[in-house]
Amino acid sequence: AETILFQMSKQLDMFKTNLEEFACKHKQEIRKNPEFRVQFQDMCATIGVDPLASGKGFWSEMLGVGDFYYELGVQIIEVCLALKHRNGGLITLEELHQQVLKGRGKFAQDVSQDDLLRAIKKLKVLGNGFGIIPVGGTYLIQSVPAELNMDHTVVLQLAEKKGYVTVSEIKSSLKWETERAKQVLEHLLKEGMAWLDTQAAGEPQYWLPALFTELYSQEITPEEAKEAIP
Amino acid sequence: VKFDSGVLLLSTHRLIWRDQKNHECCIAVPLSQVVFIEEQAAGIGKSAKIVVHLHPASSNKEPGPFQSSKYSYIKLSFKEHGQIEFYRRLSEEITQRRWENMPTGQTIQVNKDRQPGRIRAVGIVGIERKLEEKRKETDKNISEAFEDLSKLMEKAKEMVELSKSIANKIKEKQGDITEDETIRFKSYLLSMGISNPVTRETHGSGTHYHMQLAKQLAGMLQTPLEERGGIMSLTEVYCLVNRARGLELLSPEDLVNACKMLESLKLPLRLRVFDSGVMVIELQSHNEEEMVASALETVSEKGSLTADEFAKLVGMSVLLAKERLLLAEKMGHLCRDDSVEGLRFYPNLFLTQS
């Protein structure tokens, strides 16, 4: 075993040198170019390497990718915690992105949604219930250890279009019985992820605060505001 | 008012925009008119954009919303998603210039009755040239970077293959490898970012690095833990430690692996995993079961409490408050009332008053 390990350590040293060369030339590219980061991550995944597994890994030490994503992880945790009282621990990727960018300030390095997703995938191992739920064309990020099974996810996806959902909609779109629909909605209510509007015309509506900003408000610049008003 | 709410299409010859509501309304720009494209990242209140710089309109230009304009570019605003992917595809089409080799299909009839928009088409030659140069330079840098990246990945792949064969050998000849050698091997894997289920099964993921880290953590977390009643969730620890470090941050996996070693290294902290999957660090001196007794008192005083209320009263995070109440319930001291209004805990009178 000694000889094989020795061989490996020699090759490792060589690889480290190659990586150093690469870092010299292209470290900036990785820092500044989200597209390049995606390519980099995808290629690593294809060959079976996780550049973010450890801060002590070569990738992290020499390319600085580690610090970038681990710090992002901290920022994501903080944003989710701050908004949890409002959305029950569910937030759209868009809103998370906006809030994180806000927190990072004007002069910080740019962060793409892909970057956020990768950071979140790493956070899962901390046991805090971080999860990524595909809805519509985007994702909902879960940051609490609430149990969300397939039934819950499917209802969230249904609600994504308008920000709310009703029992009848669930029954007609998903062909479920009333009991099943109600169970799912009650679970979401209990977890604080859904709010009940009993004053809606027709039947009660179950709204998802996580989807509020996405659909019903949009920050606009002063120029856009001027243009919008006749 | 701009051209809003539409669908952007890319063909080998043209960039086409079609109104989502009024399908009759369709405008197109031939790709041959494009000099250069650049991205503008999204920001607060702004969506991600692609700016497409165009040549001056030729005299045989198709009729369109405008015959001419001051600007030599158009902006494509991606309100929802797709900017990155679209930019990638558009760059490809512009680099490949396939329209030069293929005949075009029918040109689309363009709708005239539209409100004024931002699409204009008159260029400025000097600026055009500079943009061309910049584009070539950027392209060259990026393609060089990709080339180098590919070569690097080839070498990394070799390392992965090598480590796989070593791991297999270890599996086969259990006796032939020493404890020390296994640890060395694992640290090599760590450097490369290669995970190996074989060694993990038999020897765990810890390395010397993680042992050192565990000792550091024990030192660092003593006071914060005492300030927080002896217990902290792993996410809190992650944030605390990384904020303190500033540089050379720990990965989530580093933290977990180090914490797993706390107990075996006989350090004054330990890792605990609740049934829900929530992971915490506790002081050895902390006894959650004892805390349950005092939790029971608190709940009894108030009649009943939710996790939120309890958290506020005691000054803990809601996450940990909930875990404590759940533990109390598991031990039989509390009963739950699970309703739409939330999860509320009551002292278990079935037990005490029978």
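Let me start with the interface: chain A and chain B bury about 6200 Å² between them, and carbon and sulfur atoms account for 67% of that area. On the chain A side, A:Leu5, A:Met8 and A:Leu126 lose the most area to chain B, together 11% of what that side buries. Keep in mind that this is a predicted model.

In residues, the contact takes 70 from chain A and 67 from chain B.

Now the polar part. There are 16 residue pairs in polar contact between chain A and chain B, both residues at pLDDT 80 or more. Which elements of chain A give two or more residues to the side that touches chain B? They are α1, α2, α3, α4, α5, α6, α9 and α11. The largest share, 16 residues, comes from α1(A). By type, that side of chain A divides into 30 nonpolar, 20 polar and 20 charged residues.

As for salt bridges, the count between the two chains is five. In one salt bridge, B:Glu253 pairs with A:Lys122, and the closest N and O atoms are 2.6 Å apart.

Next, a stretch within chain B. An unreviewed UniProt entry annotates residues 128-155 of chain B as a coiled-coil region. In the model, that span is 100% helix and 0% strand, with its end C-alpha atoms 41 Å apart.

Last, one residue in chain B. B:Glu290 sits in helix α8, residues 288-302. Is B:Glu290 buried or exposed? B:Glu290 counts as exposed because its relative accessibility is 55%, and the cut-off for exposed is over 50%. Its C-alpha atom is 9.9 Å from that of B:Ala328, which is 38 residues away along the chain.

How values were computed:
Residues are numbered from 1 along each chain as its sequence is written. Chains are lettered from A and ligands numbered from 1 in the order in which they are written. This is a predicted model: local features need pLDDT of at least 70, side-chain atom pairs count only at pLDDT 80 or more; totals for chains, interfaces and linings use all residues. Side-chain values use heavy atoms; hydrogens and water are left out. UniProt positions are given in the numbering used here, feature names are shortened, and annotations may be inferred rather than shown by experiment. Helices (H or I, at least four residues) and strands (E, at least two) are DSSP runs, numbered from the N terminus. Buried means under 20% relative accessible area, exposed over 50%, partly exposed in between (1.4 Å probe, protein chains only). Contact means heavy atoms within 4.5 Å. Buried area is the accessible area (1.4 Å probe) that two parts lose on being put together, summed over both. A salt bridge is a side-chain nitrogen of Lys or Arg within 4 Å of a carboxyl oxygen of Asp or Glu. A polar contact is a pair of N or O atoms within 3.5 Å; within protein, one must be able to donate a hydrogen and the other to accept it, and residues adjacent in sequence count only if both atoms are side-chain atoms. Ala, Val, Leu, Ile, Met, Phe, Trp, Tyr, Cys and Pro count as nonpolar, Asp, Glu, Lys and Arg as charged, and the others, Gly among them, as polar.
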